[in-house]
Amino acid sequence: MSAFPVIRDPDRVRRLLALPHVRPKAMEALAQARVALVGLGGLGSGSAPYLAAAGVGTLVLVDPDRVAATDLGRQILYTPDDVGAPKVAAAAARLRAMNPAVRIEARAEAVEADNVDALLAGCDVVLDGLDQGAPREVLNRYAVMRGVPLVFAGALGYEGQVMVVPGGGRPCLACLFGDLEGAVGDCATQGVLGPLVGMVGALEAQEALKLLMGLGTPLAGRLWLYDAYTGDTRVVTVPPRPDCRVCGPSAPARTPPGRNSAAASNPSPGR
Ligand SMILES: [Zn+2]
């Protein structure tokens, strides 16, 4: 069996290979890549299908929630038959149907400080599909401390935003928001436009593919902002905050792991 299953399906990647600057070697990088999607709601519904369709080797799906009827208006990974099922299980079934070559690991867990190393072990890129500040704080710290790129996104009301916290870790989300928990709103009370959240999720997948394939200029340290109400889009540079409590000079020392080293020291069930 080929070590690069996506290459066995040349029609799937023919349009990708037709792009300028994309070499066949990039297909191998995709087929070997391990990408975590933390949060399988509206953002994950926008990002996961594109990553599976493109042939990312392994997708690690992390979400403790079950599908609710109020999710169906925007979380298009799910159907009415999925209501009550764990999101990671329903999403895994849908994504496997889209591309059987993609390996999928489903973890029905919340990301916390004491399990993040095991959940994200060996991942090349992490996608933030969260709507809560506490786990986002954990992901931001992980990206900075472990040197793994994090693609952040938010979609609330009519506003969408995306930024990459680079593997080097600066600037980070604490540079941008300060208190991450206080920066998060609630779509249950503020509402959200379905296509907006899907569009922002798709942009997260696009940034992940760029990182994995070495393409273009990722939104590292640059915040992409979109106002769906007016149609205005802009990108603003986010400077590193000198006194940042997460990535600044006085923050704890960084401890980048080797690939899968965290898994070896802290194994996770189901690997
Ligand atoms: Zn920072």
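Strands β6 (residues 159-165) and β7 (residues 222-227) run antiparallel and are joined by four bridges. In this pairing E159 stands opposite D227 of β7. The model is a predicted one. The protein contains 10 helices and eight strands, and buried residues account for 45% of its 271 residues.

- The eight strands form an open sheet with mixed pairing, in the order β3-β2-β1-β4-β5-β6-β7-β8.
- β3 and β8 are the edge strands of this sheet, each of them pairing on one side only.
- On average, neighbouring strands of the sheet are turned by 15° against each other, direction ignored.
- Helix α3 packs on the sheet and touches β1, β2, β4 (125-128) and β5 (150-156). The direction of α3 makes about 160° with that of β1.

**Parallel strands β1, β2 and β3**

- Strand β1 (residues 34-38) pairs with β2 in the parallel sense over five bridges; L37 has L61 of β2 as its bridge partner.
- On the β3 side, β2 runs parallel to strand β3 (residues 103-107), and five bridges join the two. Here L61 stands opposite A106 of β3.
- L61 therefore has a partner in each direction, being the bridge partner of L37 and standing opposite A106, while strand β2 (residues 58-62) is largely enclosed by the rest of the structure because four of its five residues are buried.
- A right-handed β-α-β unit is made by β1, helix α3 (residues 42-54) and β2.
- A right-handed β-α-β unit is also made by β2, helix α4 (residues 87-98) and β3.

**Helix α9**

- Helix α9 lies across β1, β4, β5, β6 and β7, and runs at about 170° to β5.
- Of the 20 residues of α9, 15 are buried, so the helix is largely enclosed by the rest of the structure.
- The end C-alpha atoms of α9 are 29 Å apart, which agrees with the 28 Å that its 20 residues should span at 1.5 Å a residue.
- Just after α9, G214 takes a positive phi of about 65°.

**The nonpolar core**

- In soluble globular proteins, nonpolar side chains tend to be buried together.
- In this model the largest nonpolar core has 78 residues, and V35, L59 and V126 are those with the most contacts inside it.
- Helix α9 (residues 194-213) supplies the largest share of this core, 10 residues.
- Apart from neighbours within four places in sequence, V126 is in contact with A36, V38, L120, L139, A143, V148 and L150.
- Of the contacts in the protein between residues at least 6 apart in sequence, 71% join residues at least 24 apart.

**L173 in helix α7**

- L173 lies in helix α7 (residues 173-177).
- L173 counts as buried because 27 other C-beta atoms lie within 10 Å, the cut-off for a buried residue being 20 or more.
- Leaving aside neighbours within four places in sequence, the contacts of L173 are R136, N140, F152, V165 and L180.
- L173 and E137 are 36 residues apart in sequence, and their C-alpha atoms are 8.1 Å apart in space.

**H21 in the α1-α2 loop**

- H21 is placed in the loop between α1 (10-17) and α2 (24-32).
- The phi of H21 is near 75°, a positive value in a residue other than glycine.
- H21 counts as exposed because it has 9 C-beta neighbours inside 10 Å, the cut-off for an exposed residue being 12 or fewer.

Key
Residues are numbered from 1 along each chain as its sequence is written. This is a predicted model: local features need pLDDT of at least 70, side-chain atom pairs count only at pLDDT 80 or more; totals for chains, interfaces and linings use all residues. A nonpolar core is a set of buried Ala, Val, Leu, Ile, Met, Phe, Trp, Tyr and Cys residues joined through C-beta atoms within 7 Å. Two residues are in contact if their C-beta atoms, placed from the backbone, lie within 7 Å. Two strands pair if DSSP finds at least two bridges between them. A crossover is right-handed if, with the strands pointing away from the viewer, the path from the first strand over the helix to the second runs clockwise. The expected span of a helix is 1.5 Å times one less than its number of residues. Axes are lines fitted to C-alpha atoms, for helices over the stretch in contact, and angles run from 0 to 180 degrees between N-to-C directions.
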